[in-house]
Each structure stands twice: as C-alpha cells, then as structure tokens.
Number of protein chains: 2
Amino acid sequence: MKINIPMYRYLLLSLLLILFASSSAVAQDALPSWNDGPAKKAIVEFVAAVTDEKGRDYVEPAERIATFDNDGTLWSEQPMYFQLFFVIDRVKALAPKNPAWKTQQPFKAVLENDIQALAALGEKGLLELVMATHAGNTTEEFEQTVKNWLSTAKHPKTGRPYTDLVYQPMLEVLAYLRANGFKNYIVSGGGIEFMRPWTERVYGIPPEQVIGSSIKTKFEMRKGHPVLVRLPELNFIDDKAGKPVGINQHIGQRPIAAFGNSDGDLQMLQWTAAGKGARYMLILHHTDAEREWAYDRKSKIGHLDKALDEGFNSGWTVVDMKEDWKVIYPFQLK
Amino acid sequence: MKINIPMYRYLLLSLLLILFASSSAVAQDALPSWNDGPAKKAIVEFVAAVTDEKGRDYVEPAERIATFDNDGTLWSEQPMYFQLFFVIDRVKALAPKNPAWKTQQPFKAVLENDIQALAALGEKGLLELVMATHAGNTTEEFEQTVKNWLSTAKHPKTGRPYTDLVYQPMLEVLAYLRANGFKNYIVSGGGIEFMRPWTERVYGIPPEQVIGSSIKTKFEMRKGHPVLVRLPELNFIDDKAGKPVGINQHIGQRPIAAFGNSDGDLQMLQWTAAGKGARYMLILHHTDAEREWAYDRKSKIGHLDKALDEGFNSGWTVVDMKEDWKVIYPFQLK
C-alpha cells in the first residue's frame, strides 16, 4: 500500500478538528463584552460546573433550561415598554376606521398625544387599548402587522429600530448557553405573539421557546380555510406569580438558570432557585444613566426593589451594567 | 516521518464513519413494523421531500414540526381512556380520607364499580371526578402520584402496564422523524401533567413538547419554599377546535405533519393541511379486532366519522391497522 503523506496529514488534521471542535470553542472568551469581575466569573463557573460530566453538579443537556425575561433584560424598556409604542401606533393607524375614538377615552388621549392622561390610565384603560389593537384579527394577520411595524418604527430617544436596542452582553450569554447545550426560553410579561415574529432572528430563540402574556384565540373556518381569530379576552398574564405558572405550563420542567431585572421576575427567580442541584440566578441592575438608563426602586417601569434585596441576600448575581458591561448595544461594537 | 499503516487505516475508517454516519442510517428501513403499502410509501416520500435540500419541497429543520394525538394514536384507548383508570384508582385511594363519597355521586358509582352509573356520568360528573383526583396537590406531588400509579397499575384486558400498550409502528415513526430533524409534539385531549412524567421515557418526547388539557395552577410560598398548587378549575381543553389553539399557544408555528385517529383530531389535521408547502396528514383507523380493537363511527371513545370522510376525500394517509402493521405493541416483536 502506498501512503500519500500529505493526504494522511490532512485526514489526521480533519479528524482532530472534528474531535476537538467543541473543546476549542469553549476555551475562547465567550463573553467578550463583559468586563472581568464577579458577574462574568459566576456565569462561567456555573456553565463549567453543569457541563462537566465528571463533576458533582453535572446536568444532562435535556435539563439545561434557562429562562430570560425580555423587557429590561434582553432589550431596553425605557422610556416605556416598547410594546406600548406599538399600541399607540396601532391606535393611530386604526383611528380612521374608528371615528368614535376621537372623543372616547382612552383612545382620545393616544390620538392627542396626551401624555398626562396616558400616564393616568391604569390597568383598565391599558387593557382596553391592548384589546382594541391586538384582537379582532387572525394570528397570521397580527404576525404580519408586528413585522411591518418593526421594520419601520423608530425608538423616540435613539432614533433606531427597536430591535437594535438589544443588549450585546446578553446576546453573548444566550449564544454561550446555547453552545453549551442549553435551551433558552423567553418568559416575559409582554405579548407572546408580539415577540414570536422576531425573537428567532434577533435572539436565536425560536417561537416555541417564547412564553408571554396572551389573549384567547378561536379556531374558525372561513370559506373552507381554517384560521385562528384573536379575541378581545385575556387568556394569561405572564408576570410576577404568573411566570412560574407559565414556565410550568409551557416547559413542564424547572429552569436551572433564570435572568431578570425587576420585581416582575422575582417569582421566576425564586422558582428556579428552589430546585435541586446547581442553580444560577441573575438580576440586571440598570445603573448606567449615560449609556442606557439608571432606575430601580422608584421606577414604575422595571420596578426593582424586593428582587434586588433578595438578589443581594441570596447571593444571586447582580449585574451592575455600568461596571460590568463594555458595551450596551451591538451597534456600539467596534 | 514513519507511517503506522494500521493506525492510518483506523483513522481513515473513523473519518469515513463520521462523514457517512447520517446517510447510511437513512438507507436502512426505518419503519420495519410497517408492511409495504401506500401508508408506508407516503410517509417515506414526504420525509424524503422535505429533507432534500435541492428539492422544491425542502423545509428548514427549525420548521419541521410534527404533532401527534396520544390516546388511540400513540397508545391504546380501550376499553376506555387510560387516564380514566387513573381517576378511578385515585378515587378509591382517596376514599378513606373522604368518607362522604360513599353516599355521594359520582364517587359512589366509582367506589361500587357501578359501570352503568359511570357510563351515564356525562361531562359534569366526569369533571367532578377529575378535579377531586387531579387538584389540591402541588405539581411535584402530582407528578409523583402519576409515576407511582404507572409503575403498579395494570390494564384490565391485557394485564400489562399501560405504558406497554404503545404502538410499535408509531414509535418507529417518532424515531424516524426525529432522525430527520423533526421536533415531535404530543397534542392530546389528555391531561398535560398526566402525560409529561413518562413521555420522554416511553416516546422520547420531552415535557416541553407535550401539549394537553390542564387545570389552573397557583404560585405559593409554603414555609419559604415556592410551590405550584393545582386548583380545581379548568384552564384549557386541548381537544377538537382546542387543538390548533393549543398548538399556536405552545409552538407558535404550524406543524407540517399531523397524526390522529378520531374526530377530536380533525381541526388539528385541517390546521396542518392548510399551511403552505409539503404537508403530511395521517389518520389511524382501528381495524384490528383481533390484535387490538376495531372501532370508528359508532364508538364513543375514539369516535372517527367526519375525520375519516375528510381523510379519504382529501387524500390523507388512512392507516388500516390490520393491513398496514406487522405488530401492534413492542412486546410482540420477535
């Protein structure tokens, strides 16, 4: 047998590359936008522990479930939740077909840009706006409406598309966990069908891994074609004590890692922390008034008070965005 | 450089094995318990079409979603839904702590094995039994109860554990689709938390890919430990027109393949069929009175009438269990 030495070397190299591809990826810095410090150290150590097959904290890939809040955890939420900008734009777009809204609250306040009246809305008024703008269409129509809005709408302060305002360091965490066999879920108070049209593209999270608040839908045959019609009736509020309920309903197993930024995430963090074995809980503390926003205990949006205390007391990772993050958004990368 | 020829051969062989592992698996018969015929041919052709990257029917792996009914599609459902045997056994187990049940319907009928009274129960009585046996505990307690029951309970006709009565040909379909990049979901009228404790072990379907009927749960702190308490209140009925609703809620994208056996699956099949691109719809027709059961239009359990007509008229695969299947259950394999 004649041996072709360069060919042999090539094959050997290929084989080695195949065999060692995974370990070489781990050796790189998977979190380049994080400054070295306790926050980065904690997550790297956790991932190393649960993926070490010989370690006592090893977790099977099928059980590597991580849950992420969205507003204020994966993208910004100031000066108000981005979905509320969608609601406002939809009220304005639908106003010509609803002439009565000109004189009828809460629609009047939206159409007149009456910030004070909007701020005083309360839950009932807000719900009315959501139902008027999110229901009465089919699931396919609503998906298209969300996609169209995202492709044109601009954030008022930055002038950028809303999906530009996602956190680069958190994108790195998502990719890092995914590369280590985790299944990442969004568990958000936001609308499930408002998020699903874009989470795969922006976060690499497919529709079936998005949990959120929802309205009821109804199956109907329209001219022989089946549709799901969105009804003006609440189905589920995926916030606070609703988050563990939503997690149980959709995933059916307990996360081993959870990421949040407000008291709305406290129960999800507690539910995650209470499981057996290695756990990782992270609270994002918005401390950077210059590069993003700084807010916590006194803010209505992203209110962070009890969860901050519990985070400090329980030894959860509390990220200081100003100190821990090299950049906030992907467009700031050099 | 000195070349070690056996080592070289070994490395080359390893490399070839790695490179060709996937294609050689496809070349084998993935459905050995299916007789050659139109049913087997249709599914093999569908899978070939949606996985052929150069073909016009190619579907990205992320969109290869298949949904399966459970009762009568993946396991037997006669002489009655297996979950009802669980209900009956639970009523008997809980009776000592509920002395009033001795004189109170529908519990009295269960405790006295009064088949006639049970058959006449209707939806309200049935719901009462389900709530009394499925609620009032935590999710963790209920999961353990289901596991304990399955490890001891025996099917009345066959004397076998219920999880023995799964269909070998359908296990092969599940594995075949999984090997071809599909994500398999159960979409059942049965209880979501009744199925999740065992679907991974029996079908290879993890908890997050199980959709079913559910009762409400509530997050509570008990002595500093968070629990989800199961409430005696219906949350969702995942049957008939509820199946597309459940699919949309949990998966957020439309299946490209759906498998059912009764009119309770009709809307799921219609919803699947109405999507764009290649589709596969299968109805399991129980035609084998000798090896399993034969029933369709006149049966209360697994009632198959409209869906059978629509299956024939629309060119869906209608499996004739007697003709198409070499064996029914795994324990019949030689």
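This is a predicted model: local features need pLDDT of at least 70, side-chain atom pairs count only at pLDDT 80 or more; totals for chains, interfaces and linings use all residues.
**Exercise 1. Which residue just after H8(B) takes a positive phi, and which residues of H8(B) are buried?**

Step 1. Residues are numbered from 1 along each chain as its sequence is written, chains are lettered from A in the order in which they are written, and side-chain values use heavy atoms, without hydrogens and water.
Step 2. Helix H8 of chain B covers residues 168-179; helices are DSSP runs of H or I with at least four residues, strands are E runs of at least two, and both are numbered from the N terminus.
Step 3. Buried (under 20% relative accessible area, 1.4 Å probe, protein chains only) describes B:Gln168, B:Pro169, B:Met170, B:Glu172, B:Val173, B:Leu174, B:Tyr176 and B:Leu177.
Step 4. The buried residues pack against several elements of chain B, including helix H2 (38-51) and strand S5 (257-260).

**Exercise 2. Where does A:Glu208 lie, and which side chain does its side chain meet in a polar contact?**

Step 1. A:Glu208 sits in the loop between helix H9 (192-203) and strand S3 (210-222) of chain A.
Step 2. Its relative accessible area is 8%, so A:Glu208 is buried.
Step 3. The side chain of A:Glu208 makes a polar contact with that of B:Lys183 (2.8 Å). Such a contact is a pair of N or O atoms within 3.5 Å; within protein, one must be able to donate a hydrogen and the other to accept it, and residues adjacent in sequence count only if both atoms are side-chain atoms.

Terms used
The expected span of a helix is 1.5 Å times one less than its number of residues. Buried means under 20% relative accessible area, exposed over 50%, partly exposed in between (1.4 Å probe, protein chains only). Contact means heavy atoms within 4.5 Å.
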